[in-house]
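Please open the structure in a viewer and keep the selection tool at hand.

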Amino acid sequence: MATEKIDYRYENGRRFHSFHEGAYYMPNDEIEVSRLGMLSNYPPWPCSSVDLSEDTQHQIWLVTLDNAIFRAPVGGSKPISVLDVGTGSGIWALECASRFPDSHVLGIDLSPVKPNYPVPENCDFLVHDAEAEWEFGDAGPFDLIHARMLVQGMRDWRAYFRRCYDHLKPGGWMEVHELAYPMHSVDPSVPSDTPFLRWSQLVHEGLAKGGINGGAARDFTGMLEEAGFEEVVEEIIPWAVGPWPQDEKAKRIGAMGATNLHDGLQGYTMEVLTKNLEWTREEVNGFVEEIKKDMVDPTKKYEMDM
């Protein structure tokens, strides 16, 4: 593997990818990898009965999707070829390979994937930029292309969707799970300048200055149809921030999500505000502490659209 693909950049106390430097605003250090789901004490595969006591992003999605890892009508007893774009820690690709042992799963990311467990023979990882030309050797075309939480790095969703369309088998499916900035409160009386809502708006503005539309997910249906996709299904799933909902599933997601956001808040914020909005490291760290206190106030009833 080329040196540029395995070297790292260190800034503001965090580690970042060096391959296509600056393409993605989130760090790739152990703190972030743990948040995404690849914990050192994570149970061996298969993960279908995983203990959800650790609040990580992957586990929140399992709860959200009722323990499914995708909703596209593929799989079953038929072997499938799967591409996981922006695989991060690799946990989704590993679990997909475990659940479908006769299939093949390829995970791509700007950072090299270093799982804590042996990689199944039907799962491979490749350092690759999803916004560059796709060259995967013998892999593809695919029955399913999966991606989630790429908002901090995807600059041209339309081009990405066209690329997905071109690399799917006839009748193949693409599934994308994404966050939409800015966040909101379900209570209209909550002012828009609270620390959490102000943070959400600032990150949205900072991403825009870096060429990223943080609210692009709200326009996905039209973009997918423009790319040629049919039978497009959009489902907006609200994630509460904190356990304030009455519904038990929503409460659980909110509790886990608050911990996930707490752990990832500095990563979401530091690069965007220091590089694009001229904040200092000290200003960001102070602001992050304000947000952490505010976002768990149950009277504010914060929510994000997924």
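Helices and strands are here DSSP runs, numbered from the N terminus; a helix has at least four residues (H or I) and a strand at least two (E). The model itself is predicted.

**First stop: the cis peptide bonds**

Select Gly140 and Pro141. The peptide bond from Gly140 to Pro141 is cis, with omega near 0 degrees. Pro141 sits in the loop between β5 (123-127) and β6 (142-148).

Pro182 belongs to strand β8 (residues 180-185).

**Second stop: a positive phi in a loop**

Select Asn67, which lies in the loop between α3 and β3 (81-85). Although Asn67 is not a glycine, its phi is positive, at about 75 degrees.

Display His58, Trp61, Leu62, Leu65, Ala68, Ile69, Trp92 and Arg148, the residues that line the second largest cavity. The volume of this cavity is about 30 Å³. Helix α3 (residues 57-64) provides the largest share of the lining, 3 residues. By class, the lining consists of 6 nonpolar, 1 polar and 1 charged residues.

Select Glu95 and Arg99. Their side chains meet in a salt bridge, with an N to O distance of 2.7 Å. Why are Glu95 and Arg99 separated by about one helical turn? They are 4 residues apart in helix α4 (residues 91-99), and therefore about one turn lies between them. An α-helix has 3.6 residues a turn, so residues three or four places apart point the same way. Side chains of opposite charge can pair when their charged atoms come close. In the whole structure, 9 salt bridges are found.

Select Met174, Glu175, Leu224, Val232 and Val233, which lie nearest the centre of the largest pocket among its 35 lining residues. This pocket has a volume of about 1000 Å³. Which element gives the most to its lining? It is β7, with 10 residues. Colour β7 (168-177) together with α7 (220-227), as each supplies at least two residues of the lining. By class, the lining of the pocket has 20 nonpolar, 5 polar and 10 charged residues.

At the start of α8, a side-chain oxygen of Asp247 comes to within 3.2 Å of the backbone nitrogen of Lys249.

Follow α8 along its length to Gly264, where the helix bends by about 50 degrees. With 29 residues at 1.5 Å a residue, α8 should span 42 Å; its end C-alpha atoms are 39 Å apart, which agrees.

Beyond the helix, select Glu278. This residue follows α8 and has a positive phi, near 60 degrees.

**Final stop: the largest cavity**

The volume of the cavity is about 100 Å³. Both β9 (238-240) and α8 (248-276) supply at least two residues of its lining. The largest share, 5 residues, comes from α8. How is the lining divided by class? There are 10 nonpolar, 3 polar and 1 charged residues.

With this stop, both cavities have been visited: the count comes to 2 cavities of 30 Å³ or more.

Key
Residues numbered from 1 in each chain as written. Predicted model: local features only at pLDDT ≥ 70, side-chain atom pairs only at ≥ 80, totals over all residues. Heavy atoms only, no water. 1 Å grid on protein atoms, 1.4 Å probe; cavity = no way out; pocket = protein on both sides within 12 Å on 5 of 7 lines; lining within 4 Å. Points joined across faces, edges and corners; volume = space filled by probe spheres on them. Nonpolar A, V, L, I, M, F, W, Y, C, P; charged D, E, K, R; others polar. Expected span 1.5 Å × (residues − 1). Bend = angle between axes of the 7 residues up to and from the residue. Polar contact = N/O pair within 3.5 Å; in protein donor to acceptor, adjacent residues only side chain to side chain. Salt bridge = Lys/Arg side-chain N within 4 Å of Asp/Glu carboxyl O.
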